[in-house]
Amino acid sequence: MATVQRRKPQKDDHTEHQQNNTTTKNETTQPLTIGKIMKTGLTIIIWSLTFFFLASYLLTESWTWGYRGKWTNPRTYFPAKQQVFTEKELLQYDGSNPNLPIYLAIDGDVFDVTEGRGWYGHGGSYGHFSGKDAARAYVTGCFEDHLTHDLRGLSPAQLKGVDHWKSFYANHHKYHKIGTVIHPPIDPSTPIPAPCRQAVGQKP
């Protein structure tokens, strides 16, 4: 009696094709899902920023919740090229020439205060600071005799005051550092600037 051999079932081509389609579909769906998540996240960020700045303007009439300082100054992100001045070169930028910027120096650091031309320009309330390093006058209030960088004889508190003013200009929302000024060495045998009789209150 002949033995009947059963045929081994062959893999259904249709089933294999379906499996291939399913795999391809899954591979296609994955990047689409990631893209959708990224798009949603970006939309949330944009709306959050819009609400943040709009609320700031409505409540404080400014786009930065009333903050004005270093981080709202474009020069913080796009700093100016730093220059080195002599005292004679710095004097050209004292505000007397309307076609030139206005620079002032404090303890060797030079700052561009052109945005405050009304204050630092020729005839302005603080025009005596422009075009020179008048670090001493900032803390003594002697605007006639102490328009000098000579800090000898100042108290520790006054020296901290000089640092305060340097920080004020460096972190201002309009002014920015433009470079440094080179001073000739101070002869130690020269007398320390004498206190003035009628000192003006410190620059506000």
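A residue is called buried when its relative accessible area is under 20%, and exposed when that area is over 50%; residues in between are partly exposed. Please keep in mind that the model you see is predicted.

**Exercise 1. Where does Thr140 lie, and is Thr140 buried or exposed?**

Step 1: Find the element. Thr140 belongs to helix H5, which covers residues 135-140.

Step 2: Compare the value with the cut-off. The relative accessibility of Thr140 is 16%, and buried means under 20%. Thr140 therefore counts as buried.

Step 3: Follow the side chain. The side chain of Thr140 reaches the backbone nitrogen of Cys142, at 3.3 Å. That leads us to the next exercise.

**Exercise 2. Which residues does the disulfide join, and where in the chain do they sit?**

Step 1: Count. The structure holds 1 disulfide.

Step 2: Name the partners. Cys142 is joined to Cys196, with an S to S distance of 1.9 Å. A pair of cysteine sulfur atoms has to be within 2.5 Å to count.

Step 3: The angle about the S-S bond is -80°, and the link of Cys142 and Cys196 is left-handed.

Step 4: Check the surroundings. Cys142 has a relative accessibility of 4%, so Cys142 counts as buried.

**Exercise 3. Classify two aromatic pairs: Phe85 with Tyr93, and Tyr138 with Trp165.**

Step 1: Know what to look for. A pair of aromatic rings is described by the distance of the centres and the angle of the planes. Ring centres must lie within 6.5 Å; planes under 30 degrees apart are stacked, over 60 edge-to-face, and the rest tilted. By this rule there are 16 aromatic pairs.

Step 2: Apply the rule to Phe85 and Tyr93. Their ring centres are 6.0 Å apart and their planes stand at 75°, so this pair is edge-to-face. Phe85 is buried, with a relative accessible area of 4%, and Tyr93 is buried at 18%.

Step 3: Apply the rule to Tyr138 and Trp165. Here the centres are 5.8 Å apart and the planes are at 50°, so the pair is tilted. This pair links distant parts of the chain, with Tyr138 in helix H5 and Trp165 in helix H6, 27 residues apart. Tyr138 counts as buried because its relative accessibility is 1%, and Trp165 counts as buried at 4%.

Step 4: Widen the view. Ring pairs link a cluster of residues, including Tyr138, Trp165, Phe111, Phe143 and Tyr175.

**Exercise 4. Which residues does Asp112 touch, and is Asp112 buried or exposed?**

Step 1: Asp112 is in strand S3.

Step 2: Judge the accessibility. Asp112 counts as buried because its relative accessibility is 12%.

Step 3: List the contacts. Leaving out residues up to four places away in sequence, Asp112 touches Pro101, Ile102, Tyr103, Tyr175, His176 and Ile178. The C-alpha atoms of Asp112 and Ile102 are separated by 6.0 Å, although the two are 10 residues apart along the chain.

Step 4: The side chains of Asp112 and Thr114 are joined by a polar contact of 2.5 Å.

**Exercise 5. How many helices and strands are in the protein chain?**

Step 1: Count the elements. The protein chain has 6 helices and 4 strands.

Step 2: Read their order. Along the sequence, the pattern is α-α-β-α-β-β-α-α-α-β.

Step 3: Finish with the whole chain. Of its 204 residues, 30% count as buried.

Conventions: Residues are numbered from 1 along each chain as its sequence is written. This is a predicted model: local features need pLDDT of at least 70, side-chain atom pairs count only at pLDDT 80 or more; totals for chains, interfaces and linings use all residues. Side-chain values use heavy atoms; hydrogens and water are left out. Helices (H or I, at least four residues) and strands (E, at least two) are DSSP runs, numbered from the N terminus. Buried means under 20% relative accessible area, exposed over 50%, partly exposed in between (1.4 Å probe, protein chains only). A polar contact is a pair of N or O atoms within 3.5 Å; within protein, one must be able to donate a hydrogen and the other to accept it, and residues adjacent in sequence count only if both atoms are side-chain atoms. Contact means heavy atoms within 4.5 Å.
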